[in-house]
Amino acid sequence: MATPTYKASVPLDKLDVQAYYTRDYNMLKRGKGLKVGLQGGFIMVRPNITTLETLVNMVRSGKYYNAKGNQKRQGGWFRSGYFSHIWGSMTIQGLLAYYYSDVAQDTSIELNRCRFNQIAENPRRSSFDKRGKYPRGTPISSNAGFKDTDCRDRPGTDCDDVQCQKWPFEESFIFHFTYCKTPTKCGDVSWNETYKDHQCNLMYRKWFDVRKLLSGDRHASIATGTYYPDYYLGYCRGKGKYISIP
């Protein structure tokens, strides 16, 4: 369920846990040795006024440094390396990554992102993008023109334990629509080229299951759409044509 974000100096069950989160390995470029920021879709913290004041003082210090080229490892807050390759490096994703990894060690736990922040991501890079930055789902067909390559967060090792595209759907507790577009966009779900597409479609259907509960007895009169009803449950009239709550 959870793994420490680093080698803890005390046993896991003895940690004074102040935060749980997942990290965003999709932001890592190949071979750059850059640090990983937090994924903004799920961060759970224990309220602590001392921690809050510390973070506020960090921001007020203004010690966020720009860097270029090979110097990016010295960019970010207090030259920590949590820099512009991280979306939100100046705010939550970068600041908290620095705080819990470099300042308040042994007080946080990185959770399995397939369970607690499921975005249907591929933990491996793809030959589809030679630069190795942008994510691409694992192809379903063996005849596809692209394939998976090395692991993003553990190059040279096996990362199937965080293969979120193929993760058992019922074993995910929190879904985050970012890599999968938001359900209300009512996108075309007929294109199932990768395992990511399939997982996203299951996430859409689950979201509309919850949406159906909000309609209650009015469901039959509201959900009159015929656009991929197996996934959108009648709440889409067509591509981009979501039926909102009256």
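**A loop, some rings and the whole chain**

Mentor: Gladly! Ser 141 sits in the loop between β7 (124-126) and β8 (148-151). Keep in mind that this is a predicted model.

Trainee: Is Ser 141 buried, partly exposed or exposed?

Mentor: Buried would need a relative accessible area under 20%, and exposed one over 50%. Ser 141 has a relative accessible area of 40%, so this residue counts as partly exposed.

Trainee: What separates the C-alpha atoms of Ser 141 and Asn 192?

Mentor: Along the chain, Ser 141 and Asn 192 are 51 residues apart.

Trainee: Let's turn to the rings. How are the planes of Trp 207 and Tyr 242 arranged: stacked, tilted or edge-to-face?

Mentor: A search of the whole structure finds 19 aromatic pairs. Trp 207 and Tyr 242 form an aromatic pair, with 6.4 Å from centre to centre. Planes over 60 degrees apart count as edge-to-face. Here the angle is 65 degrees, and the pair is edge-to-face.

Trainee: Which parts does the pair of Trp 207 and Tyr 242 tie together?

Mentor: Trp 207 belongs to helix α4 (residues 195-215), and Tyr 242 to strand β10 (residues 241-242). The pair therefore ties together parts 35 residues apart in sequence, namely α4 and β10.

Trainee: And are Trp 207 and Tyr 242 buried, partly exposed or exposed?

Mentor: The relative accessibility of Trp 207 is 29%, which makes this residue partly exposed. For Tyr 242 the relative accessible area is 23%, so Tyr 242 is also partly exposed.

Trainee: Which residues form one aromatic cluster with Trp 207 and Tyr 242?

Mentor: The cluster takes in Phe as well as Tyr residues besides Trp 207 and Tyr 242. Together with those two, the members are Phe 177, Tyr 204, Phe 208, Tyr 227, Tyr 228, Tyr 232 and Tyr 235.

Trainee: Last one: what share of the contacts with a separation of 6 or more comes from residues 24 or more positions apart?

Mentor: The chain has six helices and ten strands, and buried residues make up 45% of its 246 residues. Of the contacts with a separation of 6 or more, residues 24 or more positions apart account for 64%.

Notes: Residues are numbered from 1 along each chain as its sequence is written. This is a predicted model: local features need pLDDT of at least 70, side-chain atom pairs count only at pLDDT 80 or more; totals for chains, interfaces and linings use all residues. Side-chain values use heavy atoms; hydrogens and water are left out. Helices (H or I, at least four residues) and strands (E, at least two) are DSSP runs, numbered from the N terminus. Buried means under 20% relative accessible area, exposed over 50%, partly exposed in between (1.4 Å probe, protein chains only). Contact means heavy atoms within 4.5 Å. Rings of Phe, Tyr and Trp (its six-membered ring) pair if their centres lie within 6.5 Å; planes under 30 degrees apart count as stacked, over 60 as edge-to-face and the rest as tilted.
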